[in-house]
Structure formats: structure tokens, C-alpha cells
Amino acid sequence: MEERINSALDEIRQVLRRDGGDIELVDVTPENIVRVRLQGHCAGCPGARMTLKGIVEQILAQAVPEIKGVEAVD
């Protein structure tokens with residue numbers, strides 16, 4: 001599952017890096033919650049929560065249907 005998640009995150013990274021940001025997979029919980037760390041400009045961006053729910057969670061759910069959600073960690 002982590003390989004599929006990282007593959008989907010690679011697609012997302014291309015977009016985030018254009019704006020000086022990045023995303024890192026931290027872990028996947030036993031409940032299939034993906035924990036990620038936003039980096040660079042994304043870490044302090046006011047729109048980060050919207051990006052996480054509106055883009056990251058949607059793309060990951062399509063690529064890995066068993067994912068139940070995405071949450072950011074510091």
C-alpha cells in the first residue's frame with residue numbers, strides 16, 4: 001500500500017514544488033489513515049488544510065481506495 005501512496009504523492013509533489021512546497025509520507029495508521037508532513041511553503045500556508053482535504057485526500061483515495069483519510073502532522 002505504501003508504494004501506491006508514494007506513487008500518488010509523487011504526482012502531487014509536482015504541483016506543490018511549483019509553489020515551493022513538498023509533502024512527505026510519515027506513516028499509515030492501522031485504521032488506514034495516511035499521515036503526511038507538508039514542507040516548504042506548504043507548511044505554513046493558510047490554504048494548506050484546503051489543499052490537504054481538497055487535493056491530497058482526493059487523489060490518494062482514488063489511487064488507494066482503502067484509505068480512510070489523510071491528516072497532517074508537524
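This is a predicted model: local features need pLDDT of at least 70, side-chain atom pairs count only at pLDDT 80 or more; totals for chains, interfaces and linings use all residues.
Across the protein chain the mean pLDDT is 91, and 100% of the residues reach 70 or more. Confidence within the chain is lowest in helix 2 (residues 41–44), where the mean is 82, and highest in strand 1, where the mean is 95.

The packing of two helices was examined next. Helix 1, which spans residues 2–18, packs against helix 3, which spans residues 48–63, at an angle of about 145°, and the axes of the two helices lie 9 Å apart. The crossing that helix 1 makes as it passes helix 3 is right-handed. On the side of helix 1, the contact is formed by Arg4, Ile5, Ala8, Leu9, Ile12 and Leu16, and these meet Thr51, Val56, Ile59, Leu60 and Ala63 of helix 3. Sorted by class, the residues of this contact comprise 9 nonpolar, 1 polar and 1 charged.

The largest nonpolar core of the model has 18 residues, and those with the most contacts inside it are Ile5, Leu9, Ile23, Val34, Val56, Leu60 and Val70. Two or more residues of this core are supplied by each of helix 1, strand 1 (21–28), strand 2 (33–40) and helix 3, with helix 1 giving the most, at 5 residues. When residues up to four places away in sequence are not counted, Ile23 touches Leu9, Arg13, Leu16, Val36, Arg37, Leu38, Gln39 and Val56.

Two further residues were considered individually. Valine 28 lies in strand 1, and because its relative accessible area is 23%, it is classed as partly exposed. Apart from neighbours within four places in sequence, valine 28 is in contact with Met1, Glu2, Ile5, Ile33 and Val34. The C-alpha atom of valine 28 is separated by 15 Å from that of serine 7, a residue that stands 21 residues away along the chain.

Glutamine 14, by comparison, lies in helix 1, and it counts as exposed because its relative accessibility is 54%, the cut-off for that class being over 50%. Between glutamine 14 and proline 30 there is a separation of 16 residues in sequence, and their C-alpha atoms are 28 Å apart in space.

Notes. Residues are numbered from 1 along each chain as its sequence is written. Side-chain values use heavy atoms; hydrogens and water are left out. Axes are lines fitted to C-alpha atoms, for helices over the stretch in contact, and angles run from 0 to 180 degrees between N-to-C directions. Helices (H or I, at least four residues) and strands (E, at least two) are DSSP runs, numbered from the N terminus. A crossing is left-handed if the near helix is turned anticlockwise from the far one by less than a right angle, and right-handed if clockwise. Contact means heavy atoms within 4.5 Å. Ala, Val, Leu, Ile, Met, Phe, Trp, Tyr, Cys and Pro count as nonpolar, Asp, Glu, Lys and Arg as charged, and the others, Gly among them, as polar. A nonpolar core is a set of buried Ala, Val, Leu, Ile, Met, Phe, Trp, Tyr and Cys residues joined through side-chain atoms within 4.5 Å. Buried means under 20% relative accessible area, exposed over 50%, partly exposed in between (1.4 Å probe, protein chains only). pLDDT is the predictor's confidence in each residue, from 0 to 100.
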